[in-house]
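Me: Can you take me through this one? I'd like to hear about strands and pockets.
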Amino acid sequence: MTKTTEPCVCGSQKPAPQCCQPLLDGKVKAATPEALMRSRYAAFCQGNIAYLIATHHPSQRQPDDAQTLQATIATTEWLGLQVLHAAPTAKTDQIGFVEFAAFYQRGTFGQLHERSKFIKEDEQWYYLDGELLPPITLGRNDLCWCGSGKKYKKCHGR
């Protein structure tokens, strides 16, 4: 559980209790595909396997999902998230897309750049699948992916 004053790990800069934590605790459902994507990232950071499975579309679930997720969580340190594009959604939309880059450490530094597809059924958004994209390249003067507010060259780009 995160402290009430700590920013959410999803990079929104909001305190966790006003961002992803209520979703992770099952108190509310994600209102948008972006909110679901951010909360799933937070779930990976926290090791919340039950949430990751519950928010993965039932048609895409596999019998070994819990074991696969446990292995990923045990060997991966999630370092930062950048939402690159989130298509606006109306309340009537049933499909949404979010492009993001998630940075991680698994022995070596890595990046997951994906365009995720979400589907809404029975008033709930689910992660359906994603298209893997080539890693993004940050310029020296871009803000660092870690959320420090520093330029990349003065932070993780050293």
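Reply: What follows covers the strand pairing and then the pockets. This is a predicted model, with local features needing pLDDT of at least 70 and side-chain atom pairs counting only at pLDDT 80 or more, while totals for chains, interfaces and linings use all residues. Residues are numbered from 1 along each chain as its sequence is written, and side-chain values use heavy atoms, with hydrogens and water left out.

Me: Which strand does β1 join, and over how many bridges?
Reply: β1 (residues 77–86) runs antiparallel to β2 (residues 95–106), with eight bridges joining them. Strands are DSSP runs of E, at least two residues, numbered from the N terminus, and two strands pair if DSSP finds at least two bridges between them. Glu77 sits opposite Gln105 of β2.

Me: And what about β2 and β3?
Reply: β2 is also paired with β3 (residues 108–121), antiparallel, over twelve bridges. Tyr104 has Gly110 in β3 as its bridge partner.

Me: What sits in the hairpin of β2 and β3?
Reply: One residue lies between the strands, and Gly107 there has a positive phi near 80°.

Me: Switching to pockets. Which residues lie nearest the centre of the largest pocket?
Reply: Arg40, Phe44, Leu69, Leu112 and Tyr127, out of 21 lining residues. A pocket is an open set of points on a 1 Å grid over the protein atoms alone, where a 1.4 Å probe fits, with protein on both sides within 12 Å along at least five of seven lines; lining residues have an atom within 4 Å of a point.

Me: Which element gives the most to the lining of the second largest pocket?
Reply: β1, with six residues. That pocket has 19 lining residues, with Trp145 and Cys146 among those nearest its centre.

Methods: Helices (H or I, at least four residues) and strands (E, at least two) are DSSP runs, numbered from the N terminus.
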